[in-house]
Amino acid sequence: MWRTRLGEAAGYSLNTSRARLVIVMAKGSDMSSTDKTVARYRLKKLIEELKRKRGRGTELITLYIPPGKRMSEVIGYLRQEYSTASNIKSDLTRKHVQEALVKVMERLKYFDEAPENGLVVFCGAVPQDGPGTEKMEIYVVVPPEPLNVNLYRCDDHFHTEYLEKTLQEKEVYGLISIDVNQAAIGLLEGDAIKVLSEHTSGIPGKHRAGGQSARRFERLREMAVHQYFDRVARHVNEEFLREEVFSRLKGIIVGGPGPTKHDFVKEADLDYRLRKMILAIVDTNYAGEEGLREIVSKASNILENVRYIYEKKLVDRFMSYVARSPSMVLYGLKPVLDNLYSGAIETLLITEDFDYHQVTFACENCGHEFTKVLRRTEVGEIEGRRCEKCGSGFYRRKEDKSILDIVADLAEMSMFKLAIISPKTEHGVIFKRMGGIGAILKYPLSY
């Protein structure tokens, strides 16, 4: 399992003023869905934070260590870099780079070799509020997937691009929705259905035009159908055989109304590699883009491990309770927060972009403080306001934690299961309209 602070795992404490955030993640089939959800959220949040940071010069160190690498070799290399850094002309830049290198080497001494997934270290003097306010920050990450990158870089920003690739969905499913009038080609990737292309057939209806014999009309129509199938198949081959797609393609599902989908699979000029990957042919009421969504719904038993399906099932279950057994759910910020510690919550659902924060304000003069739950944009309306108690001081932000972080912490403590819902999917949009936060209960609450 993974821990939120490296210090707990390695047996030492971190100076939080200098090591503001450290996340360690580990890969493992024994991780629960909640563990994976929280781990993914924390890594994504850390990457976003790192990408915003800028050094005053080339003072920010990025270090990627591949799995199994002996730390004595890495530390030896960093000592050489420390010596090389003595040639930097700027006194301040030289000081910051060497200080960061020392900090990294101190952390690496707690490992004999890199973990099975490798190790990533970000360290440097990051300005807090303009020149002269630099503070040394260090972040140590064990990625969720093996990261075979050996990299040392000193730059004005942290290089997170290789770490970002671990958030990319490793498996995708190809979707083909087709009938005699239209077709759509798409990919199911994590929590999103991506439409790659749409096509119309231009095939005439089954009623022949005047002056044509029935046989001649049927022959022309069959030719048009074959041309349509081959045109769609050509686009399928182009889209699904691209290296970045084919290397992750786990299977293909074909759907549509009527027999056209079966005829397409039998007659179209699909590449033999793709033909072998067809997992199922399913009946849908629609073709085109709407048909792609219906394919995903109808093939949920095949796609049960895909995040899109996992989230959709949870939201559907939640909405079913809302309609039939409202006493078994909570929705809206206040009802959920009021019952966070009740032990009655089985699964808590929250959208990925939920922007409420629990903020504690304190008067800089008398120390009077209070806590409120606010949207991020509302924090500034209170910060800087005159103190209601002493009347002479002003309120300053003392502590600020997002609600998403709070529920993630509680989920780690096994208070409940946690599902972070993408707001970009159809079911995510519906759930967001209900407040973006809700809970499925173990039992009805009595008030």
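Q: What share of the contacts in the protein with a separation of 6 or more comes from residues 24 or more positions apart?

A: This is a predicted model. In it, residues 24 or more positions apart supply 69% of the contacts with a separation of 6 or more.

Q: How many helices and strands does the protein have?

A: There are 15 helices and 16 strands. The radius of gyration is 28 Å, well over the 22 Å that the globule rule gives for 447 residues, so the protein is more spread out than a compact globule. Its C-alpha atoms fill a box of roughly 95 × 65 × 40 Å along the principal axes, and buried residues make up 47% of the 447 residues.

Q: Which elements do the buried residues of α4 pack against?

A: Buried means under 20% relative accessible area. In α4 the buried residues include His-96, Leu-101 and Met-105. The buried residues of this helix pack against β1, α3, β2, β3 and β4.

Q: Where is Arg-386 placed, and why does it count as partly exposed?

A: Arg-386 is in the loop between α13 and β14. It counts as partly exposed because its relative accessibility is 45%. Leaving aside neighbours within four places in sequence, Arg-386 is in contact with residues including Phe-394 and Tyr-395. Its side chain also reaches the backbone oxygen of Gly-391 at 3.2 Å.

Definitions and conventions. Residues are numbered from 1 along each chain as its sequence is written. This is a predicted model: local features need pLDDT of at least 70, side-chain atom pairs count only at pLDDT 80 or more; totals for chains, interfaces and linings use all residues. Side-chain values use heavy atoms; hydrogens and water are left out. Buried means under 20% relative accessible area, exposed over 50%, partly exposed in between (1.4 Å probe, protein chains only). Helices (H or I, at least four residues) and strands (E, at least two) are DSSP runs, numbered from the N terminus. Contact means heavy atoms within 4.5 Å. A polar contact is a pair of N or O atoms within 3.5 Å; within protein, one must be able to donate a hydrogen and the other to accept it, and residues adjacent in sequence count only if both atoms are side-chain atoms. The radius of gyration is taken over C-alpha atoms; the globule rule is 2.2 Å times the number of residues to the power 0.38.
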